[in-house]
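Here are a few exercises to work through with the model open beside you. Try each task on your own before reading its solution.

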Amino acid sequence: MQFDTKVAVVLRADLAVWQKANVTAFLISGIAGTDPSLVGEPYVDGSGNHYLPMLRQPVLVYAADTSGLRRAYERAMQRGVEQLAIYTAELFATAHDEANRAAVAAVPADELDLVGIAFRAERKTVDKVLDRLRPHT
């Protein structure tokens, strides 16, 4: 199935595996939480056990060095991407949501120490933002 939009995550390539998993989970929660139509119906297995719904469309995951991640962020901002989530290095040291927001609010946009971004936009826009990045392997 082809969707009108794409959901993408860009992670700094030098993160530890646990950090990549954690950052991805936090970023995608922001995308899923902003548009209920992105989430499908709950799952039920053949035994009748119920499970939570998940996103209806695939998530593209890319890796980048610091400059590639910054470039993707800036391209998303320049293109007016409205559904954009960020994760900064400072968030690894915070303990709760309020502290997370305070850590981000304390830094101007051009000085954010980005370790990951996630966004949803029209297919062509996502392709332009991701230009020159490689899928995460």
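The model is a predicted one: local features need pLDDT of at least 70, side-chain atom pairs count only at pLDDT 80 or more, and totals for chains, interfaces and linings use all residues. Residues are numbered from 1 along each chain as its sequence is written, and side-chain values use heavy atoms, with hydrogens and water left out.

## Exercise 1: the fold in outline

Task: list the secondary structure elements and judge how compact the protein is.

Step 1. Take helices (H or I, at least four residues) and strands (E, at least two) as DSSP runs, numbered from the N terminus. The protein then has 4 helices and 7 strands.

Step 2. Read the elements from the N terminus on: β-α-β-β-β-α-β-α-β-α-β.

Step 3. Turn to the radius of gyration, taken over C-alpha atoms, and to the globule rule, 2.2 Å times the number of residues to the power 0.38. The radius is 16 Å, close to the 14 Å that the rule gives for 137 residues, so the protein is as compact as a globular protein of that length.

Step 4. Along its principal axes, the C-alpha trace spans about 50 × 35 × 25 Å.

## Exercise 2: the nonpolar cores

Step 1. Set the cut-offs. Buried means under 20% relative accessible area, exposed over 50%, and partly exposed in between (1.4 Å probe, protein chains only). A nonpolar core is a set of buried Ala, Val, Leu, Ile, Met, Phe, Trp, Tyr and Cys residues joined through side-chain atoms within 4.5 Å.

Step 2. Of the 137 residues, 36% count as buried.

Step 3. The largest nonpolar core holds 18 residues, and Val10, Ile117, Phe119, Leu130 and Leu133 have the most contacts inside it. At least two residues of this core come from each of strand E1 (5-12), strand E4 (59-64), helix H2 (66-78), strand E6 (114-122) and H4.

Step 4. A second, separate core has 15 residues, including Val9, Ile31, Leu38 and Ala85.

Step 5. Look at Ile117: beyond its neighbours within four places in sequence, its contacts include Val10, Leu69, Tyr73 and Ile86.

## Exercise 3: salt bridges

Task: locate the salt bridges and say which parts they tie together.

Step 1. Count a salt bridge when a side-chain nitrogen of Lys or Arg is within 4 Å of a carboxyl oxygen of Asp or Glu. The structure holds 7 of them.

Step 2. Lys6 and Asp127 pair at 2.5 Å, N to O. Lys6 lies in strand E1 and Asp127 in helix H4, so this pair ties together parts that are 121 residues apart in sequence. Lys6 is buried at 16% relative accessible area, while Asp127 is partly exposed at 40%.

Step 3. Asp131 and Arg71 form another salt bridge, their closest N and O atoms being 3.6 Å apart. Asp131 sits in the loop between H4 and E7 and Arg71 in helix H2, so the parts joined are 60 residues apart in sequence.

Step 4. Arg12 and Asp14 meet at 2.6 Å, N to O, and a network of salt bridges links Arg12, Asp14 and Asp113. Arg12 is buried at 15%, whereas Asp14 is exposed at 56%.

How values were computed. Contact means heavy atoms within 4.5 Å.
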